[in-house]
Amino acid sequence: MPDRAVEYRWRGEASDAELVSLVEAHGGRPEPGWWDRIRPVSLGWVTARLPGGALIGFVNVAWDGGDHAFLIDTKVASAHQRQGIATELVAEAVRQATAAGCEWLHVDFEDHLAPFYLSACGFRPTAAGLIHLASAGLSSGLPRSRLSHFWGLA
Ligand SMILES: CC(C)(COP(=O)(O)OP(=O)(O)OC[C@H]1O[C@@H](n2cnc3c(N)ncnc32)[C@H](O)[C@@H]1OP(=O)(O)O)[C@@H](O)C(=O)NCCC(=O)NCCS
């Protein structure tokens, strides 16, 4: 059952240090400075806080500046999982992306999270593609002639 005491806020205050703690609190590996870098280009984000103020949940909404928004970095502290908090975070992100004029909201996820994104949050499955750029050789190995196609190099 959703905990009614949790406060959800669109573009709520959230510091880089709080995001580091939240990543640690769900067992992830934090990257200090990540949120400070990302925040200025985000359409928005949703925070979930306990009445005392502690940040226990977060989701970010990236976008293309137009019709497409992208849900990313959904996180809930382990001690507060399975109480409907992430579902509420995503529902607020859906409302706000709609209000911002976006037509589509995308997300990708590992197979085991299909019950969360598809059943609890209402996403429908779709075909999608992915390249792991770090191992695809773009940065080190591609000939300049192919890079020019991407970056308009002379
Ligand atoms: C994934 C995550 C955000 C879910 O947060 P949550 O607040 O526990 O999710 P909810 O309570 O809203 O879940 C609603 C429903 O989604 C499904 N669900 C939630 N977490 C799930 C999981 N880990 N595996 C499978 N189904 C899950 C369940 O059906 C759940 O309902 P139930 O508790 O009645 O069974 C949380 O587990 C988390 O932070 N994980 C670590 C970070 C991560 O992997 N983020 C996703 C990046 S794509």
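Modeller: Ala69 stands opposite Leu105 in S5. Strand S5 covers residues 104-106, and strand S4 covers 68-76. Helices (H or I, at least four residues) and strands (E, at least two) are DSSP runs, numbered from the N terminus. This is a predicted model, in which local features need pLDDT of at least 70, side-chain atom pairs count only at pLDDT 80 or more, and totals for chains, interfaces and linings use all residues. Residues are numbered from 1 along each chain as its sequence is written.

S4 and S5 run parallel and are joined by three bridges; two strands pair if DSSP finds at least two bridges between them. From S4 the chain crosses through H3 to S5, and this β-α-β crossover is right-handed. That term applies if, with the strands pointing away from the viewer, the path from the first strand over the helix to the second runs clockwise. Between H3 and S5 there is a loop that holds Glu103. Glu103 is exposed, with 10 other C-beta atoms within 10 Å. A residue is buried if 20 or more other C-beta atoms lie within 10 Å of its own, exposed if 12 or fewer, and partly exposed in between, with C-beta atoms placed from the backbone. The C-alpha atoms of Glu103 and Gly66 are separated by 8.4 Å, although these residues are 37 positions apart along the chain.

S4 also pairs with S3 (residues 55-63): six bridges join the two, which run antiparallel. In this pairing Asn60 has Ile72 of S4 as its bridge partner. The two strands form a hairpin with four residues between them, and Gly65 in the turn has a positive phi of about 85 degrees. Within S4 itself, Asp73 has a positive phi of about 65 degrees although it is not a glycine. Most residues other than glycine have a negative phi. Asp73 is partly exposed, with 18 other C-beta atoms within 10 Å.

Beyond S3 comes S2, and these two pair in the antiparallel sense over six bridges. Ala48 stands opposite Gly57 in S3. Their hairpin has five residues between the strands, and Gly53 takes a positive phi near 110 degrees there. S2 (residues 44-49) has six of its six residues buried, so the strand is largely enclosed by the rest of the structure. Both of its faces are covered, with Gly44, Val46 and Ala48 on one side and Trp45, Thr47 and Arg49 on the other.

S2 is joined to S1 as well, by four bridges in an antiparallel pairing. Here Ala48 is the bridge partner of Tyr8. Arg11 sits in the loop between S1 (7-10) and helix H1 (16-25), and its phi is near 55 degrees, a positive value in a residue other than glycine. With 14 C-beta neighbours inside 10 Å, Arg11 counts as partly exposed.

Just after H1, Gly27 takes a positive phi of about 85 degrees.

S4 is also involved with the ligand. The shell around the ligand has 18 residues, and the closest are Gln81, Ala86, Thr87, Phe116 and Ala120; a residue is near a molecule or strand if its C-beta atom, placed from the backbone, lies within 6 Å of it. S4, H3 (85-99) and H4 (114-120) are the elements that give two or more residues to this shell. H4 gives the most, with four residues.

As for the chain as a whole, it has six helices and five strands, in the order β-α-α-β-β-β-α-β-α-α-α from the N terminus on. Of its 154 residues, 22% are buried. Among contacts with a separation of 6 or more, 56% are between residues 24 or more positions apart.

How values were computed:
Contact = placed C-beta atoms within 7 Å.
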